[in-house]
Amino acid sequence: MSKRSIEQVDMAPEAQAQAGPSSASVSPAPTPGSGSGSESSEIALLQIPQKRFYRQRAHVNVFVDHELDYPKSPSAMDWSVHYPKYFTSPNAEQQTAATALDTAVTGEGQAKDTKKVEWADVGCGFGGLLMALAPMFPDTLMLGMEIRVSVTKYVNDRIAATRQAQSLLPAESTDRVPGEYQNVSVIRANSQKYMPNFFERGQLSKMFFLFPDPHFKNRKQKARIITPGLLAEYAYVLRPGGILYTVTDVKDLHEWMASHLNAHPLFDPIPTEDLKDDPILEAARTATEEGKKVERNKGDKWVACFRRRDDPVD
Ligand SMILES: C[S@@+](CC[C@H](N)C(=O)[O-])C[C@H]1O[C@@H](n2cnc3c(N)ncnc32)[C@H](O)[C@@H]1O
């Protein structure tokens with residue numbers, strides 16, 4: 001395997017100086033001494049994982065069968081593995097009645113199993129968007145979908161370490177963030193194949209396609225993550241009124257995505273002006289690892305957002 005086929009870790013010097021790629025503003029990497037006694041040393045031992053230990057080919061073939069796990073239908077999906085605060089495990093039935101009662105509500109006394117994943121970051125890469133949005137919208141369950149094994153593992157470890165660090169912080173610590181990252185998770189999935197297996201019709205209110213692989217060559221364009229066929233699936237899982245965000249630094253890809261979305265009967269373009277104060281679009285443009293790289297290289301960013309139309313009346 002050539003060296004160039006391995007993802008090169010491109011980190012800003014300030015990010016390298018930290019424990020990992022996450023920026024200090026979105027990742028509550030605990031400061032040594034923020035707790036007391038053994039608790040603070042325990043927290044100090046926790047490190048946000050470092051990207052360079054999760055080497056991975058830069059691209060995978062999205063048409064190859066990757067032996068992916070996916071549920072037969074959305075109702076067969078066990079979300080408790082991803083959001084244990086919000087879902088009871090299917091194995092809970094085997095517990096005693098008393099224990100089952102304990103696990104039927106969240107720490108805040110809300111009934112479990114009442115929420116659904118609402119936002120999907122499709123091709124989430126190293127998870128920067130999710131880590132930025134999770135504390136901003138602590139009541140919204142958001143999921144990253146990523147096809148590459150090591151990259152998914154990195155995001156999974158990043159979320160686990162961040163959750164653990166949060167749980168060890170003293171209640172009064174200013175490093176504690178709303179939701180403590182319990183509302184964010186990642187799944188290894190080929191979103192060009194199994195989207196309706198994970199989500200019910202109209203389940204999602206936001207879908208993000210940020211800096212997707214450009215597949216420049218003409219004969220490779222069929223592998224792009226936005227195509228007329230795939231838009232039908234995205235329209236199926238996105239609810240009417242929901243928003244699909246695209247951001248890229250490749251003008252040709254931007255035009256391709258916008259033209260297919262404009263041509264689709266279930267999407268309406270949203271003038272960028274209408275979203276100029278939207279903190280979610282701001283995060284979508286700036287919080288992902290690719291978005292940061294483009295910024296460092298002073299590249300252009302092209303944005304196109306679309307609202308899911310109401311279903312046509314029969
Ligand atoms: C260029 S990276 C951008 C990552 C991230 N959105 C960002 O802005 O930093 C594109 C990502 O999409 C992932 N990807 C490509 N095709 C995919 C698919 N069919 N399903 C899930 N992930 C996919 C790739 O593995 C890669 O991590």
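**Close-up views of selected loop residues**

**View 1. Asn190, a UniProt "binding site" position.** Asn190 is partly exposed, because 18 other C-beta atoms lie within 10 Å (buried means 20 or more other C-beta atoms within 10 Å of the residue's own, exposed 12 or fewer, and partly exposed in between, with C-beta atoms placed from the backbone). This is a predicted model in which local features need pLDDT of at least 70 and side-chain atom pairs count only at pLDDT 80 or more, while totals for chains, interfaces and linings use all residues. Residues are numbered from 1 along each chain as its sequence is written. Asn190 sits in the loop between E3 and helix H6 (195–198); helices (H or I, at least four residues) and strands (E, at least two) are DSSP runs, numbered from the N terminus. The "binding site" feature comes from an unreviewed UniProt entry, which also lists Thr288 among other residues; such annotations may be inferred rather than shown by experiment, feature names are shortened, and positions follow the numbering used here.

**View 2. Thr288 in the loop between helix H9 (279–286) and H10.** Thr288 counts as buried because it has 26 C-beta neighbours inside 10 Å. Leaving aside residues up to four places away in sequence, Thr288 touches Gly125, Gly128, Leu129, Leu210 and Phe211 (contact means C-beta atoms, placed from the backbone, within 7 Å).

**View 3. Glu180, a non-glycine residue with a positive phi of about 50°.** Most residues other than glycine have a negative phi. Glu180 belongs to the loop between helix H5 (149–168) and strand E3 (184–188), and is buried, with 21 C-beta neighbours inside 10 Å.

**View 4. Lys298, a non-glycine residue with a positive phi of about 55°.** The loop between helix H10 (289–296) and strand E7 (302–308) holds Lys298. Lys298 is exposed, with 6 other C-beta atoms within 10 Å.

Terms used: Two residues are in contact if their C-beta atoms, placed from the backbone, lie within 7 Å.
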